[in-house]
Amino acid sequence: MYAVLSKMANGITVCYSEVFPDQNQDYFHCKYIGRLFLVADSYCMNPDCTCQEAVLNFVQVYPREDRDDNSFMIRFKLNGRGYKIHERGRFNKREIQGIVMHFTSDGTILERLNERYKEMKEKVKKILS
């Protein structure tokens with residue numbers, strides 16, 4: 001829990017799986033054109049912040065390539081109205097757009113991200129009280 005508190009103090013987003021390590025679904029999965037990605041979701045833990053965003057880190061795990069740049073990171077708006085690319089790795093803008101559109105296409109991911117955002121905000125209130 002010290003690592004979580006340290007990140008909170010420094011204004012760094014915290015991964016859902018760090019706060020809730022016992023959950024069965026700590027990472028999302030995304031299959032896209034023969035590739036498999038694990039998606040880690042992180043959130044702002046500042047209780048006064050109303051950013052309504054998740055930081056999503058997409059890591060390609062299949063096909064496995066021995067490269068350090070097999071991931072990209074975005075800041076995703078939880079109202080579903082866009083995202084900002086923070087790190088591209090070896091992926092170009094068009095690839096990222098296709099992967100993100102595919103990942104969020106059915107609406108259940110957006111719903112689940114919003115649920116997790118609320119869980120994280122509730123957890124930080126408990127930590128600080």
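Which residues have the most contacts inside the largest nonpolar core? I started there.

**Ground rules**

I am working from a predicted model, in which local features need pLDDT of at least 70, side-chain atom pairs count only at pLDDT 80 or more, and totals for chains, interfaces and linings use all residues. Residues are numbered from 1 along each chain as its sequence is written, and side-chain values use heavy atoms, with hydrogens and water left out.

**Entry 1: the core**

I looked up the largest nonpolar core and found 30 residues in it. Leu56, Phe58 and Phe72 have the most contacts inside this core. I take a nonpolar core as a set of buried Ala, Val, Leu, Ile, Met, Phe, Trp, Tyr and Cys residues joined through side-chain atoms within 4.5 Å. Buried means under 20% relative accessible area, exposed over 50%, and partly exposed in between (1.4 Å probe, protein chains only).

I then listed the elements that each supply at least two residues of this core: helix 1 (2–9), helix 2 (16–19), strand 2 (28–32), strand 3 (35–43), strand 4 (53–62), strand 5 (71–77), helix 3 (93–104) and helix 4 (108–128). Helix 4 gives the largest share, five residues. Helices (H or I, at least four residues) and strands (E, at least two) are DSSP runs, numbered from the N terminus.

I also listed the contacts of phenylalanine 72 (heavy atoms within 4.5 Å). Leaving aside neighbours within four places in sequence, phenylalanine 72 touches Phe37, Leu56, Asn57, Phe58, Glu87, Arg88, Phe91, Ile96, Ile99 and Val100.

**Entry 2: aromatic rings**

I found nine aromatic pairs in the structure. Rings of Phe, Tyr and Trp (its six-membered ring) pair if their centres lie within 6.5 Å; planes under 30 degrees apart count as stacked, over 60 as edge-to-face and the rest as tilted.

I checked phenylalanine 28 with phenylalanine 103: the pair is edge-to-face, 6.0 Å centre to centre, with 75 degrees between the planes. Phenylalanine 28 is in strand 2 and phenylalanine 103 in helix 3, so this pair ties together parts 75 residues apart in sequence. Phenylalanine 28 counts as buried at 9% relative accessibility, and phenylalanine 103 is buried with a relative accessible area of 5%.

Phenylalanine 103 also forms an edge-to-face pair with phenylalanine 58, at 5.3 Å centre to centre and 80 degrees between the planes. Here the link runs from strand 4 to helix 3, 45 residues apart. I read a relative accessible area of 0% for phenylalanine 58, which is buried.

Phe28, Phe37, Phe58, Phe72, Phe91 and Phe103 form one aromatic cluster.

**Entry 3: charges over rings**

Which ring lies under the charged end of arginine 116? I found the ring of tyrosine 16, with the charged end 4.0 Å from its centre. The charged end of arginine 90 sits over the ring of phenylalanine 91, 4.7 Å from its centre. A charge sits over a ring if NZ of Lys or CZ of Arg is within 6 Å of the ring centre and within 35 degrees of the ring normal.

I traced strand 4 on both sides. Strand 4 pairs with strand 3 in the antiparallel sense over seven bridges, and with strand 5 in the antiparallel sense over seven bridges. Two strands pair if DSSP finds at least two bridges between them. Glutamine 60 in strand 4 stands opposite phenylalanine 37, and the bridge partner of glutamate 53 is lysine 77 in strand 5.

Is glutamine 60 buried or exposed? It counts as buried, at 2% relative accessibility. The side chain of glutamine 60 reaches the backbone oxygen of proline 63 at 3.1 Å. Such a polar contact is a pair of N or O atoms within 3.5 Å; within protein, one must be able to donate a hydrogen and the other to accept it, and residues adjacent in sequence count only if both atoms are side-chain atoms.

Proline 63 lies in the loop between strand 4 and strand 5. I noted that the peptide bond from tyrosine 62 to proline 63 is cis, with omega near -10 degrees.

Asparagine 114 lies in helix 4 and counts as buried at 19% relative accessibility. A polar atom of the asparagine 114 side chain lies 2.9 Å from the backbone oxygen of leucine 78. Leaving aside neighbours within four places in sequence, I list Gln52 and Leu78 as contacts of asparagine 114.

Glutamine 52 is in the loop between strand 3 and strand 4, and is partly exposed at 38% relative accessibility. I noted a positive phi near 55 degrees for glutamine 52, a residue other than glycine.
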